[in-house]
Amino acid sequence: MIQKVIILIVSLIVFLILLFFLIAVFRRIRGARRYRELDRIRAYYLPILQESFKKGDILSIINDLISEPGSIKFKAIEELLFKLKERFPEPAKELLIRLGYVSFYENMLSDKNRINKATAIDRLGIIGLETSADRLSQMLRSDDREIISVTVRALSNIGTLEALALILDHLPGLFERWLITRKAVETALLKFGDKGTPLLIQYGKTISNPKIIAIILDTLSHLNNNQAIGLAMDNINHPDPEVRTKSLKIIERFSDLLNGKDLEKILSLSKDPAWFVRLHVAKILGKVNSKKDVIDYLGKLIMDENWQVRNAAASALSKKTEAGLDLILKILKGKDHYAIESLCEEIEKTELCRVLIYNLLSPDGEVYKKSREILKIMNNLGFSTPIMEYLQTGDEAIAMELKLLLSEKAA
Amino acid sequence: MKVTTALILGFNYFVGIYYTFFNIIYSLLLCISLIVIIKYTKRLKYAPVKEINYSPETPPVSILIAARNERDVILRTLESVFSINYPFYDVIVINDGSDDGTLELLIDKFKLKKIDMVYRNILKTAPVKAFYYNRELPNLLVVDKVRSGKADSLNCGINMSKAPYICTIDADSIVEPDALIRLMIPVIESPVPVVACGGVVRVLNGSRIEKGIVKDIGLPRERLPVFQIVEYLRAFLFGRVGWDALRSILILSGTFSLFNKNAIISAGGFHTRHLAEDMEIIVRLHEYYRKNKKPYSIKFISDPICWTEVPSTLRALARQRRRWHMGLMQSIIEYRKMIFNPSYGRIGLLIFPYYLFFEMLGPLVEFLGYLIVPTSYFLGLLNLNFFLLFLLLAIIYGIFLSTTGIFLEELTYRRYPGWDHLSRLLVYGILENFGYRQINSFFRFQATLYYLCGKRKWEHVRKNV
């Protein structure tokens, strides 16, 4: 009995191996034919399509392009139209409608197979017809994460304000049901570009979900429209630390527009309980003008309990060049080793190191003295590579000063 | 005598049951993989590769390359890494005390200059000697450190990384241009935090590389690497795909994997005493997240590809396989508390027992089987017909598993397009069961003995380039 079972299993396995082999061979032959045919059709129709698009005459070629949905020709023409869409968006879209691609994919939206449905959504997004936005938005009612992600992406490919509004309308529900991730939404929203800013700002003012406000602010921080700074300032004291951070991210981008009052509000956040809020404060302070209070606040942040904040403050301070010399010196003479090392590292990585070296020829006695002292401390701490490099290739007068400085260390 | 006979007979029954279970599991994995991978390849049509590549929201990644005496290959690897499509990434090469001029080559090629940087030992590592950097090439940093092994070098890279994600790449590997972006897709799209994500590793031997990109995929002339191609196809396309579908990934190849940096730091970094640090870190991540009841996910994706050199001599293969098996044993024995422990969910109840009984003890059973089953026949304890049939079944099923990996590749990615590729792979898929598999089992059996004798050391594998 057992022997019979084994023989049966062996036969079945041999049959499966042969079946797989035949399938593989068949698929190869079919695939080769299919790709040859695809290549042939593409090569034949590409110049025809290009020519008619250039002439602005698509009607004369429509009959020749018509094909059975799902056929190789259908696929080949679709690929060509998608390719040409970047150069000739309107005639390509027109042909995609007239040749039945849009209706084909719109019908596929009701397909029960998730992959077919997602493919249809994706293709409608690539075609990018404004009229598809409404149909696509219905897909946002789905409970399927994959469908939701592809739909949001497709709507962002359509790129109209209506499509943006449709995404924003559904956002609270999608987040409530854990159907989409932040990164996926942010990536999609960014595709609307600067034209979406007013709508995003308006939406940001009405929404109460802190998660969504944070997404809107984060998206705005990547766009070039400075109107966003108003929304950012409105949310700067929001109870949610992430919202405060994202607000500061926008402010950092448009820091040159800040007035004294705004700056005061930002400085008050240097004591924020969330370290990532303080980190962004430090970053902003690196970009705004070098008033004394700004330098003082940076001095406090460089002693922060969190290392990321201290690093950011050190980096910001290294951008302050001469205005920050006093504070740099004060920190380097202090006892906080982490702050000292962070600062030395930042000075070496940035242009400030070169500035300090050039200051050795400064006619301003104070600047000369402070710069020299900073370089000396850095050298004593082992941050001497820029000095050594300069000695090999730099100006002779400065090199003399540096040699003197090195000999003092040796002494 | 009666006791011996009973023992031999008992062992024969055990082998039969063991073999049946093993093949049932493999058949199930195969069915699952077949469905999953075909669906996955269809999904690739609408994967958001372009969107992620152009989005400022894509998380930055530090690519960590631990290099010890990699002078012959490191430039090729860096060329490949610098040609990937990814918006924000930096590369940290950790020179692990090379004495073949690897560091000098890097300094010379990239015009690097020594820079003074503060080294923060967040994960404790061996001392760092120097940092090299070129302001014109700000996304490359070379760290020169005292020799301390790959795991320690990776920890050093983590200490230096400022990105939220790290990607480990072997110094002799070639990454496909979209590989990192594809690895990042599940991280971006999954609502559950993905703490580690691995891609497929394929055999580089025999392929032509141009400017860091694999141009012509081919099969090597040597036999041993072709056997490994068949083996890798099977291991990655249906082994790992199947386990991933069951959310039970226990190994991601250190050759090419993406990790959430904070997750690695929270779990304590790569373990320096382990021979297979890539497996150990995955086990530890499971342990850490399950113990702390934090949501997490570890993913394997079948399309981001990294090509790597495989050993082309038996000696090198033996060293590699012994190290892998000893690493596996180390991980399973160290984390034995997870076995059949319901608090570790399917990791404790499914994948860990599988690895213990079939991966760790498999070579032992197989090797003893080769001795005891024929002995039983010669002692007249086994019916000849039954013995031959069982042998036939074992061989045919082995061929089935080998060729199925090749068929899966054919149905999905078809990276080996020539008819000669297909026919050669199929022939090797059949031949694999007449020697190569047994040799591998022997190396793993040897590793078991080495492990039990306490001979646990990292055996360096020199590959032909």
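How much area do chain B and chain A bury between them? I got about 4700 Å², with 63% of it on carbon and sulfur atoms. Buried area here is the accessible area (1.4 Å probe) that two parts lose on being put together, summed over both. On the chain B side, B:Tyr46, B:Glu57 and B:Asp116 lose the most area to chain A, together 17% of what that side buries. I also noted the residues in contact (heavy atoms within 4.5 Å): 54 from chain A and 48 from chain B.

Ground rules, for the record. This is a predicted model, where local features need pLDDT of at least 70 and side-chain atom pairs count only at pLDDT 80 or more, while totals for chains, interfaces and linings use all residues. Residues are numbered from 1 along each chain as its sequence is written, chains are lettered from A and ligands numbered from 1 in the order in which they are written, and side-chain values use heavy atoms, without hydrogens and water.

Next, cavities. A cavity is a set of points on a 1 Å grid over the protein atoms alone where a 1.4 Å probe fits but cannot get out, and its lining residues have an atom within 4 Å of a point. Grid points are joined across faces, edges and corners, and the volume is the space filled by probe spheres set on the points. I count two cavities of 30 Å³ or more.

Helices H8 (145-158) and H10 (182-190) of chain A, plus H2 (49-54) and H6 (179-189) of chain B, each give two or more residues. Helices are DSSP runs of H or I, at least four residues, and strands are runs of E, at least two, numbered from the N terminus.

The second largest cavity comes to about 60 Å³. H7(B) gives the largest share of that lining, five residues, and strand E8 (194-203) of chain B supplies at least two. B:Arg202 and B:Tyr416 are among the lining residues.

Last, I checked how H7 (residues 223-245) packs on H1 (residues 2-43) in chain B: the angle is about 80°, with the axes 8 Å apart. The contact includes B:Leu29 and B:Val36 of H1(B), and B:Phe238 and B:Trp243 of H7(B).

Conventions. Axes fitted to C-alpha atoms, helices over the stretch in contact; angles between N-to-C directions. 1 Å grid on protein atoms, 1.4 Å probe; cavity = no way out; pocket = protein on both sides within 12 Å on 5 of 7 lines; lining within 4 Å.
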